[in-house]
Amino acid sequence: MVEDDAELARLLERVLTGEGHADTLAADGHRALHLGLTGSFDLLLVDRGLPAIEGLELIARLRGRGVRSPVLVLSARGSTQDRVEGLDAGAEDYLAKPFDIAELLARVRALLRRHQDEAMFLDVPGGRLLWDERVVERGGGTRVELSEREARLLRLLASRPRQVFTRQDLLTRVFDDAESDGAVDTYVHYLRRKLGRGVIGTVRGVGYRLGAL
Ligand code: CA
């Protein structure tokens, strides 16, 4: 949730928590950009009038960096033109303030549902990774089974196809127990052996990303 109105943010947090959602709050555009690029979120609720980076600019930057989480804009700017701008910037939905909490929650549910359907698989070079099964399906009906860690690593890379991840990022987010960053290299090696060298690219001195460079 990106909202600089502390009182509204508190209210929304209470409501979302009551529905069983966990949320992370950013009160300005810079913080939101940082969290959006480093975290993984099922849904982004974005205000437009924000300190540091304006809401639509924030959405465009996140989309430009490959973040594909659905975005619901919550804004006092509610004219047709405003909504068109919001949707064109990359938002899936737009709700004008003041809004009814029941309607907000219904839209949140709808976006999460739709996103879950789309998230059944992720495209990877030469095939697609099935979300629930730890399997990559390739052309001709070939299925390659992955270990839990291989699947987690590939899932993270494939969820941000254009983003370069540092070893430290990957270590923190894929291998939650304390391990040396050699673990990342090892699992990249396993994935390349199973799926071909082109599945993960090495960005020299930085880290890894999905696909050959
Ligand atoms: Ca605001």
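This is a predicted model: local features need pLDDT of at least 70, side-chain atom pairs count only at pLDDT 80 or more; totals for chains, interfaces and linings use all residues.
Residues are numbered from 1 along each chain as its sequence is written, and side-chain values use heavy atoms, with hydrogens and water left out.

**View 1. The calcium site.**
The calcium ion is coordinated by D4 (OD), D47 (OD) and G49 (O), at 2.2 to 2.3 Å. Donors are N, O and S atoms within 2.8 Å of the metal (3.2 Å for Na, K and Ca); water is not among the atoms, so sites may look incomplete. Along the chain, the donors of the calcium ion follow the spacing D-x42-D-x1-G. D4 lies in the segment before α1 (6-18) and G49 in the loop between β1 (44-47) and α3 (55-64), so this pair ties together parts that are 45 residues apart in sequence. Helices (H or I, at least four residues) and strands (E, at least two) are DSSP runs, numbered from the N terminus. D4 is partly exposed, with a relative accessible area of 35%. Buried means under 20% relative accessible area, exposed over 50%, and partly exposed in between (1.4 Å probe, protein chains only).

**View 2. The aromatic cluster.**
F175, Y187 and Y190 form one aromatic cluster. Rings of Phe, Tyr and Trp (its six-membered ring) pair if their centres lie within 6.5 Å; planes under 30 degrees apart count as stacked, over 60 as edge-to-face and the rest as tilted. F175 and Y187 form a tilted pair, 5.2 Å centre to centre, with 45° between the planes. This pair links distant parts of the chain: F175 is in the loop between α7 (167-174) and α8 (182-195), and Y187 is in helix α8, twelve residues apart. F175 counts as buried at 1% relative accessibility, and Y187 counts as buried at 18%. Y187 and Y190 form an edge-to-face pair, 5.2 Å centre to centre, with 85° between the planes. Both Y187 and Y190 lie in helix α8, three residues apart, about one turn of the helix. At 29% relative accessibility, Y190 counts as partly exposed.

**View 3. A charge over a ring.**
R128 lies over the face of F121, at 4.1 Å from the ring centre. A charge sits over a ring if NZ of Lys or CZ of Arg is within 6 Å of the ring centre and within 35 degrees of the ring normal.

Two packed helices are described by the angle between their axes and the distance between the axes. Helix α6 (residues 148-159) and α7 pack at an angle of about 125°, with their axes 10 Å apart. That makes α6 oblique to α7. Angles under 35 degrees count as roughly parallel, over 145 as roughly antiparallel, 65 to 115 as roughly perpendicular and the rest as oblique. Axes are lines fitted to C-alpha atoms, for helices over the stretch in contact, and angles run from 0 to 180 degrees between N-to-C directions. The crossing of α6 and α7 is right-handed. Helix α2 (residues 29-38) and α3 pack at an angle of about 20°, with their axes 10 Å apart. Helices α2 and α3 are therefore roughly parallel to each other. α2 passes α3 in a right-handed crossing. A crossing is left-handed if the near helix is turned anticlockwise from the far one by less than a right angle, and right-handed if clockwise.

**View 4. Two buried residues.**
G66 lies in the loop between α3 and β2 (71-75) and counts as buried at 4% relative accessibility. G66 and L37 are 29 residues apart in sequence and 8.8 Å apart in space, C-alpha to C-alpha. A9 lies in helix α1 and counts as buried at 1% relative accessibility. A9 and F41 are 32 residues apart in sequence and 17 Å apart in space, C-alpha to C-alpha.

**View 5. Backbone details in two loops.**
The peptide bond from K97 to P98 is cis, with omega near -5°. P98 is found in the loop between β3 (93-96) and α5 (101-118). A52 lies in the loop between β1 and α3. Phi of A52 is near 75°, a positive value in a residue other than glycine. A52 is exposed, with a relative accessible area of 57%.
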